[in-house]
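Trainee: May I go through a structure with you? I would like to learn how to read its helices and its core.
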Amino acid sequence: MQTLCKQPSTAAGNEPPEIKTYQFVAASMAVLETIVVAFWAMLPAYVPNNAAVLAGGGRPIDGGRTWGDKRVLGDGKTWRGTAGGIIAGLALAGILSLFAEDVGAAISVDVPTFTPLAAFGLAAGAMLGDILASFLKRRTGRQRGAMFPGLDQLDFVVVSLPLTALLATEWFFAVFTWDVILVVVVLTPILHVTTNMIAYKLGLKNEPW
Ligand code: CTP
Ligand code: MG
């Protein structure tokens, strides 16, 4: 009678250790794969900000104009920096698309190619997000280069993802599944803080954020 009440040995939590190990490895591989896809897909949005630092200079977008007693955007947002950032993002998307198949086969992860509209949405969206962030910084009385925690790290995600969804809808929803979006939101601030710290140490940026 007692044996009839026994749980079947395959019930959750009762698997033999080797099955548990296998499940753990499989789950870890799936997470790792999502991280690789998220990073790859976001590279054309990550690079423009760094390229703008190198390309920046010259005439500011706001032409020196003020709103109230504050600059509209400030001297940190220039035409040259913006164009350089977008071109760098587009170029990188092109290069990644050329290598997607070979890289994908080598690491057994299905990394995406980029359509021109997807590349433009990611690169231009990143620059636009950064410009909108400066606009908000000036409105809240922050000087050029001032820190705005949260906004500094996610401004380009907030604009580049919706813009890409709008311009390249089919591509966007095929690549940016919910798990990829979740990884992007977690990974981006970490990468942003790290790369800006490196750019600061190298003397390319005036502040480490
Ligand atoms: N840059 C640019 N054009 C852009 C973005 C950046 O020329 N659209 C260049 C500027 O030289 C800028 C530098 O990259 O100073 C660093 O970018 P960022 O940190 O975004 O600008 P900040 O100078 O910190 O200005 P803000 O406070 O407005 O963000
Ligand atoms: Mg800054």
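Predicted model: local features only at pLDDT ≥ 70, side-chain atom pairs only at ≥ 80, totals over all residues.

Trainee: At what angle do α2 and α3 cross?
Mentor: Helix α2 covers residues 79-107 and helix α3 covers residues 116-139; their axes cross at roughly 150° and come within 8 Å. An angle over 145 degrees counts as roughly antiparallel, and α2 and α3 are therefore roughly antiparallel to each other.

Trainee: Is that crossing left-handed or right-handed?
Mentor: The crossing of α2 and α3 is right-handed.

Trainee: Which residues of α2 and α3 meet there?
Mentor: From α2 come Gly81, Thr82, Gly85, Ile86, Gly89, Leu90 and Ala93, and they meet Ala119, Phe120, Ala123, Ala124, Met127 and Ile131 of α3. In this contact of α2 with α3, nine residues are nonpolar, four are polar and none is charged.

Trainee: Turning to the core, how many residues does the largest nonpolar one have?
Mentor: The largest nonpolar core has 33 residues. Met42, Phe114, Leu122, Leu161, Trp171, Phe176 and Val184 have the most contacts inside it. Two or more residues of this core come from each of α1 (17-55), α2, α3, α4 (151-167), α5 (169-175) and α6 (178-201).

Trainee: Which element gives the most to this core?
Mentor: That is α1, with eight residues.

Trainee: And what is Phe114 in contact with?
Mentor: Leaving aside neighbours within four places in sequence, Phe114 is in contact with Trp40, Ala41, Pro44, Ala93, Leu96, Ser97, Ala119, Leu122 and Trp171. There is also a second, separate core of five residues, which includes Ala52, Ala123, Ala124 and Met127.

Trainee: Now the loops, please. Where is Phe148 found?
Mentor: Phe148 is in the loop between α3 and α4. Phe148 and Ala133 are 15 residues apart in sequence, with their C-alpha atoms 8.7 Å apart in space. Beyond its neighbours within four places in sequence, Phe148 is in contact with Lys137, Thr140, Arg142 and Gln153.

Trainee: What about Ser108: what is its phi?
Mentor: Ser108 has a positive phi of about 55°, although it is not a glycine. Most residues other than glycine have a negative phi.

Trainee: Where does Ser108 lie, and is Ser108 buried or exposed?
Mentor: Ser108 lies in the loop between α2 and α3. Its relative accessibility is 61%, and exposed means over 50%, so Ser108 counts as exposed.

Conventions:
Residues numbered from 1 in each chain as written. Chains lettered and ligands numbered in written order. Heavy atoms only, no water. Axes fitted to C-alpha atoms, helices over the stretch in contact; angles between N-to-C directions. Helix = DSSP H or I, 4+ residues; strand = E, 2+ residues; numbered from the N terminus. Parallel < 35°, antiparallel > 145°, perpendicular 65-115°, else oblique. Left-handed = near helix turned anticlockwise from the far one by under 90°. Contact = heavy atoms within 4.5 Å. Nonpolar A, V, L, I, M, F, W, Y, C, P; charged D, E, K, R; others polar. Core = buried A, V, L, I, M, F, W, Y, C linked by side-chain atoms within 4.5 Å. Buried < 20%, exposed > 50% of the residue type's maximum accessible area, 1.4 Å probe, protein only.
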